[in-house]
Amino acid sequence: MEQVYPDHSDNKGSTPFGESLPPHAASENYSSHFETDDELFIRKTLEKNLRLGVELLYKRYYQPMCTHAVKFVGSRATAEDLVSEIFFQFYTKQTFLEIDTSYRLYLFRTVRNRAYNYLRWDLGRKADLLEASQKPILDESQPDQISQFEELYHDVEEAVNKLPLERRRIYLMRKFEGKKYQEIADELNLSVKTVDVQLNRASQYIRSLLKDKWMLSLISLLSSLFF
Amino acid sequence: MKAEINKEFIFSYLSGKTSALQKQMVDEWVKQPANEELFYKWLVEYEYQHPQYLTQLPEALKQFHAYADKFEADPTYEIFKETKASLKSSPRFWNTLMIAASLSLTLIALGWFFEDHIVYQTHSTTFGETRSILLSDKTQVTLNANSSLRVPRFGFGAKTREVFLKGEANFAVTHQTNNQKFVVKTDKDFEVVVLGTEFTVYSRQQRAKVVLNKGKVQLRYQEGQAQKQVMMKPGDLVTLDQRNHLQQIVTSQPEKYAAWKDHRFVFDDTTLEELGKIMEENYGLKVKIEDQALAKRTLVGSFRAENADELLEIISQIFNINIVRNGDSVILTDHSTAP
């Protein structure tokens, strides 16, 4: 694997990009330390070659972003889609020009918001919200306390743990290991139909546990935006 | 306080081992931008140390480059176009959609506060009254006494057919060409899902029961923490007690459970005590039976009675007992033991 982290053993003046710090870095600005420290190499690369720079971000943050998102959305495939979409947008919109925090902060804050919104959209689907809310792009509808994120995915984890043993096993094989119905059926000596039924019941159950608490917060959050 | 928050602290916070008070500390601490940076730095470290699974980075990169290639060739290319219909990619469509979404969400929020009045039309019966209601999908509902049925004013029959029942009602559900389900929800954590059929739902304080006359229904209910469901065939009678323990029996005469529709009362080894409950539920009468032995006596047969007094009259004749009615309270006493 490529060396993504720049080597800090040298002092800054002798790094390959050893020019002076950006103007605001000298002020009391909080993020300067982080921007210029471990993400400097990525920043310089983004400026010279956008695609290569995004690739570096991928190598550094794709894995932790996916494993973080999966805690919310409960499915590998969904988590990876959410994360890829963020990177795609980062690339097409050249978002890096507007970011005045570390990329890490931006990317993780975004993935947490998207995962949070996705999950609530998913919970609300049954409540017949308009199809319009299918695209969870309302980044501003984020919770104002950071601990709400942790609370949400810990609730998800707890709900999964409450599933009956075999159902949980099937659920995890499908969602985390990404196995096909047929593969699960073969491995556990079950019919595909049984796997299907078990998966449906598992998601229904998880949904029912989360719904009361988190749907309410969605509604009150939205009404506070409109009134 | 600030000094207490370090990497170990955040790690245990991320793994869910923190108290509500400690969560509050994190919420405060992270408001400092420098701390927020630290938080995400530790979050990344945490994720690297406790991966839920291992991603396939090369695959993801290949996907990204394929996407970037397309974007370079055509800068208007957007990922959403691939999956969504072309109409949806125009910005105007999104604006309209956003307005529509916010409007409808406002409505939902409003409805949250005035749910009963705006969203639902409520049909209810008082004691001793039965009523027939024809829903917009031609489903015939007969409400028994002291019951209420809430029907959504908007969208009923469009996407879903869901009604909310308190008390007892018989449903003759029309079958839709698109096999649309009809769902009867109750406040006892159970619901009945049907295609096209005839059945009676009973959901009162003591217990709940569902009797199926024709067709096929699915009963979903909650027992303790678990979500359960059972399929019913014609003639099945399912009862749920207060804790939603389920009992399923087959009855040869499902009609008799809906006999109240025709002001008929069908009793099948029904004790006087149970009869008292039925009178209470349907007519709002407080029935008191002085004698335990009398309360255990049972009644078999089918009777026609237009109102509570007629029914009481019949019962007094059959059992040869004294019935004293005083307003809403009724006292049954045995002739032989009466002073």
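Good morning, everyone. Two housekeeping sentences before we look at anything. Because this is a predicted model, local features need pLDDT of at least 70 and side-chain atom pairs count only at pLDDT 80 or more, while totals for chains, interfaces and linings use all residues. Residues are numbered from 1 along each chain as its sequence is written, and chains are lettered from A, with ligands numbered from 1, in the order in which they are written.

Let's start with the two chains. Chain A has nine helices and zero strands, where helices are DSSP runs of H or I with at least four residues, strands are runs of E with at least two, and both are numbered from the N terminus. Chain B, by comparison, has nine helices and 18 strands. Of the 227 residues in chain A, 33% are buried; for chain B the figure is 23% of 339. Buried here means 20 or more other C-beta atoms within 10 Å of the residue's own, exposed means 12 or fewer, and partly exposed is in between, with C-beta atoms placed from the backbone.

How about contacts along the sequence? A contact is two C-beta atoms, placed from the backbone, within 7 Å. In chain A, 64% of the contacts with a separation of 6 or more are between residues 24 or more positions apart. In chain B, 45% of the contacts between residues at least 6 apart join residues at least 24 apart.

Now please turn to helix α1 of chain B, residues 7-14. Which of its residues are buried? They are B:Ile10, B:Tyr13 and B:Leu14. These cover an arc of only 95° around the axis, so they sit on the same side of α1(B); the arc is that of the directions from the helix axis to the C-beta atoms. B:Glu8 and B:Ser12, on the other side of α1(B), are exposed. And what do the buried residues of α1(B) pack against? In chain B it is α2 (20-29) and α3 (33-49), and from chain A it is α6 (147-161). Just after α1(B) you will find B:Gly16, with a positive phi of about 80°.

Since α6(A) has come up, let's stay with that helix for a moment. α6(A) has 15 residues and reaches 21 Å from its first C-alpha to its last, close to the 21 Å expected at 1.5 Å a residue; the expected span is 1.5 Å times one less than the number of residues. Its buried residues are A:Leu152, A:Tyr153 and A:Val156. They cover an arc of only 85° around the axis, which puts them on the same side of α6(A).

Next, a sheet in chain B. This one is open, with three strands in the order β15-β18-β17 and mixed pairing; strands pair if DSSP finds at least two bridges between them. The edge strands are β15 (286-289) and β17 (321-326), each pairing on one side only. The twist averages 20° from one strand to the next. β15(B) pairs with β18 (residues 329-334) in the parallel sense over four bridges, and B:Lys286 stands opposite B:Ser329. β17(B) and β18(B) pair in the antiparallel sense over six bridges, with B:Arg325 opposite B:Val330. Those two strands form a hairpin with two residues between them, and B:Gly327 in the turn has a positive phi of about 65°.

Helix α7 (residues 272-283) of chain B lies across β15 and β18, running at about 165° to β15(B). For such angles, axes are lines fitted to C-alpha atoms, for helices over the stretch in contact, and the angles run from 0 to 180 degrees between N-to-C directions.

Finally, the cores. In soluble globular proteins, nonpolar side chains tend to be buried together. A nonpolar core here is a set of buried Ala, Val, Leu, Ile, Met, Phe, Trp, Tyr and Cys residues joined through C-beta atoms within 7 Å. The largest has 50 residues, and A:Ala69 and A:Val83 touch the most other members. Helix α3 (residues 50-73) of chain A gives the largest share, eleven residues. Leaving aside neighbours within four places in sequence, A:Val83 is in contact with A:Tyr62, A:Met65, A:Cys66, A:Ala69 and A:Val111. A second, separate core of 22 residues includes B:Leu149, B:Phe182, B:Val217 and B:Met232.
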